[in-house]
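Have the structure open as you read.

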Amino acid sequence: LRTASRTMSAAAVDLDAAADIASMDLFNPTEEHAMLRETVRSFSDSEIRPQALEYNRKEMFNRELFNKVGDLGLLGVTVDEEYGGSGMDAVAACIVHEEMSAADPAFTLSYLAHSMLFVNNLSQNGNHEQKLKYLPDACTGAKVCGMGMSEPGAGTDVLGMKTTATKSADGSTYTLNGNKMWITNGTLDGETTGDAYLIYARTGEKRSEVSMFLVDKNMPGFTLGQKIEDKLGMRASMTAEIVFDNVVVPAENLVGEEHGAALCMMRNLEIERIALAAMSLGIARRSVEVMNNYAAERQAFGESINSFGQMQRHIADSYAEYMAGRAYTYNVARHLDLASYGNGLDADGVKLFCAKMGKDVADRAIQVLGGNGYVGEYHVEQLWRDAKLLEIGGGTNEAHHKNMVRDLKRHHTTLK
């Protein structure tokens, strides 16, 4: 009887847990998440959206707007309050990226490079002294930061990087030589670098012997190579080549263990890819809203164009695909421990699905709007141009295919 009682009690607990899960809003699992979404959406509508077209045309980074994002506490959304952050989770990161990207994907990309690739990366992999030195200013927006991984000859094959860090005889410094390419926030003004970076460099002979270093603006030998001009999209996000010519970095700027940065890289790539998927969601949502409203108002042959099957298919398919990607992304984010690693299958999966989905939905929006969709006033042409990068940056579609099949073969011969 006691055994049966314990079994029934456990079953009751399981039913209670199941009821809690069933009632949970996947996209706003707590009141705090819901408040965050409301705050970011309101800010995006009032502050980010109005400036998007202007800064896209000028190909300029909006530094003043970045400071306002810092005032909201969003630059350190996943960082402990001890270091100036908001102490939230991967779902919160998704909310911010989706809402901001619906207003301006290019500005959001600069936000991602700062808040995920530098701030979250250092928060997860740095020591207390490093976090205390760099994170407070990064969380307020006093400094704009980034990360350097890709090189002219090492993109998808990132462990083929050539940038080196050579330890001094007494072990007190490392000397960096090489260059990094396609660096978001690599410059803010086209003349100098940003303020601080996490830089991956080779410290041994083996492919995996890579280390990560904190590099500050104005360190002797650290310079801007070139600002990348005339990009298809993401024009309000600055992209650059940065150069290291005998840059001497103190040993205390080594993040994590020597030769141990491959693990840091994999851990941070997971949240990066989930955040990039959330950016695609923002692009898709805005595109659905624009085409839905336009099709209801636009008249042809005496009727609103949303009465025609061709337009209905564009709108309905787009909404369904957006919601599928949204459910996948937020479910993966809900289960992600930011301190963990080994979540690559679905981090790759959400970005693979959502990047193509976002581009396809923006393309359909242009088609629904016709000639109006082809010009900047209606915004969807910018969304379409910006969407393409998300099939390349943070991992190409082809890299995701490779990674996912590898992981399925090794760990998932049967699916739960």
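## Helix 6 against helix 7

Let's start with a pair that follows on along the chain. Helix 6 and helix 7 (residues 128-140) have axes that come within 10 Å and cross at roughly 155°. That angle is over 145°, the cut-off for the antiparallel class, so helix 6 and helix 7 count as roughly antiparallel to each other. As for handedness, helix 6 passes helix 7 in a left-handed crossing. Keep in mind that this is a predicted model.

Who does the touching? On the helix 6 side, His-114, Phe-118, Val-119, Leu-122 and Ser-123 meet Gln-130, Lys-131, Tyr-134, Leu-135, Ala-138 and Cys-139 of helix 7. Sorted by class, this contact of helix 6 with helix 7 has seven nonpolar, three polar and one charged residues.

## Helix 6 against helix 4

Helix 6 (residues 105-125) also packs with helix 4 (residues 63-71), this time at an angle of about 55° and with the axes 11 Å apart. Roughly parallel would need an angle under 35° and roughly perpendicular one of 65 to 115°, so helix 4 and helix 6 end up oblique to each other. Their crossing is right-handed.

Here Leu-65, Phe-66 and Val-69 from helix 4 meet Phe-107, Tyr-111 and His-114 from helix 6. By class, the contact of helix 4 with helix 6 splits into five nonpolar, one polar and no charged residues.

## Helix 2 against helix 5

Next up is helix 2 (residues 31-48), which packs with helix 5 (residues 90-103) at an angle of about 20°, the axes lying 9 Å apart. Since the parallel class takes in angles under 35°, helix 2 and helix 5 are roughly parallel to each other. Helix 2 goes past helix 5 in a right-handed crossing.

The list of partners goes like this: His-33, Leu-36, Arg-37, Val-40, Arg-41, Ser-44 and Ile-48 come from helix 2, while helix 5 brings Val-91, Ala-92, Ile-95, Val-96, Glu-98, Glu-99, Met-100 and Ala-103. In the contact of helix 2 with helix 5, nine residues are nonpolar, two polar and four charged.

## Two residues in helix 8

Where does Met-265 sit? Met-265 is part of helix 8, and at 1% relative accessibility it counts as buried. Setting aside residues up to four places away in sequence, Met-265 touches Met-149, Val-158, Leu-159, Met-161 and Tyr-200.

With a relative accessible area of 0%, Ser-287 is buried. Which residues does Ser-287 contact, leaving aside its neighbours within four places in sequence? They are Val-361, Ala-362, Ala-365 and Leu-383.

## Positive phi in two loops

Now for some backbone angles. Glu-59 isn't a glycine, yet it has a positive phi of about 55°. You'll find Glu-59 in the loop between helix 3 (52-58) and helix 4. Its relative accessible area is 17%, so Glu-59 is buried.

His-259 also has a positive phi without being a glycine, with a value near 70°. This residue lies in the loop between strand 8 (254-255) and helix 8 (261-297). Is His-259 buried or partly exposed? At 30% relative accessibility, His-259 counts as partly exposed.

## The chain as a whole

Zooming out, the secondary structure of the chain comes to twelve helices and ten strands. The radius of gyration is 23 Å, close to the 22 Å that the globule rule gives for 416 residues, so the chain is as compact as a globular protein of that length. Along the principal axes, the C-alpha trace spans about 80 × 75 × 40 Å.

Of the 416 residues, 53% count as buried. And if you take contacts between residues at least 6 apart in sequence, 75% of them join residues at least 24 apart.

How values were computed:
Residues numbered from 1 in each chain as written. Predicted model: local features only at pLDDT ≥ 70, side-chain atom pairs only at ≥ 80, totals over all residues. Heavy atoms only, no water. Axes fitted to C-alpha atoms, helices over the stretch in contact; angles between N-to-C directions. Helix = DSSP H or I, 4+ residues; strand = E, 2+ residues; numbered from the N terminus. Left-handed = near helix turned anticlockwise from the far one by under 90°. Contact = heavy atoms within 4.5 Å. Nonpolar A, V, L, I, M, F, W, Y, C, P; charged D, E, K, R; others polar. Rg over C-alpha atoms; globule rule 2.2 N^0.38 Å. Buried < 20%, exposed > 50% of the residue type's maximum accessible area, 1.4 Å probe, protein only.
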